[in-house]
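Hi! Could you open the model and follow along with me? I have jotted down a few points for you to check by eye.

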Amino acid sequence: SQLSGVVALTANTVTNNAQPNITTVGTLTSLSLSSNNVTLGNSSIPSANAIALGYNAFGAYSAVSIGYGAGAYFANTANLATFSVAIGHLAGHGNARGDGSIAIGSGAGVNQGANSIAIGRNSGVGSITAGANAVAIGHLAGVQSLHNNSIVINATGTNLNTAGANTFNVKPIRSAPNPQLLYYDPTTGEVTYNPGTGFSPSG
């Protein structure tokens, strides 16, 4: 009590490893986590080896969920999309989503099938048909129907769904004044075209 003129060299040092309510930490120069999962955000829920960032983000096993409600399951919490990626506001949310699926964009990949990809706002929803191994690219691509092993690329600004399983669906395609025929090789999957101006039914 009799000391004066003493300047503390270290202030606000945390010495107890259990600090339940730290409200601010200032600027961190480094941060090391010993946990196998990372959780940031109110009500975020991670599983083992998962990342869940954002309010109500849900990270299943070895999954990455970033954004408000990303990867969240509203009713069926037992059906977790392991090894999945959900990035964006409500990306990859819903009650059923397949393992290994990727959803990028606001509202993308709702109820999408296993190993499927949805890129773009409200893409790959599959509200009626949500198939596996499907690809949906563009705003409103595959909103209602996204069948198994199908591809849909949409740049129209309106809904574009798949016509069935094992189909390729794309809009728009410009109408050319001179016919240039498209050809498809079912073995390699390559699409080519014939620059000729005529049409021969026999090929």
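Here are my notes, point by point.

1. Before you start: this is a predicted model, so local features need pLDDT of at least 70, side-chain atom pairs count only at pLDDT 80 or more, and totals for chains, interfaces and linings use all residues. Residues are numbered from 1 along each chain as its sequence is written, and side-chain values use heavy atoms, with hydrogens and water left out.

2. A strand here is a DSSP run of E with at least two residues, numbered from the N terminus, and two strands pair if DSSP finds at least two bridges between them.

3. The peptide bond from K171 to P172 is cis, with omega near -5°, and P172 belongs to the loop between strand 13 and strand 14 (181-184).

4. L90 has a positive phi, near 55°, and is found in the loop between strand 6 (85-87) and strand 7 (102-104). N166 has a positive phi too, of about 60°, and lies in the loop between strand 12 and strand 13.

5. Are those two residues buried, partly exposed or exposed? L90 counts as partly exposed because its relative accessibility is 24%, while N166 is exposed at 61%. The cut-offs are under 20% relative accessible area for buried, over 50% for exposed and in between for partly exposed (1.4 Å probe, protein chains only).

6. Finally, find the largest pocket, which holds about 230 Å³ of space. Its lining is L31, L33, S34, S35, N37, V38, T39 and L40. A pocket is an open set of points on a 1 Å grid over the protein atoms alone, where a 1.4 Å probe fits, with protein on both sides within 12 Å along at least five of seven lines; lining residues have an atom within 4 Å of a point. The volume is the space filled by probe spheres set on the points.

How values were computed. Helix = DSSP H or I, 4+ residues; strand = E, 2+ residues; numbered from the N terminus.
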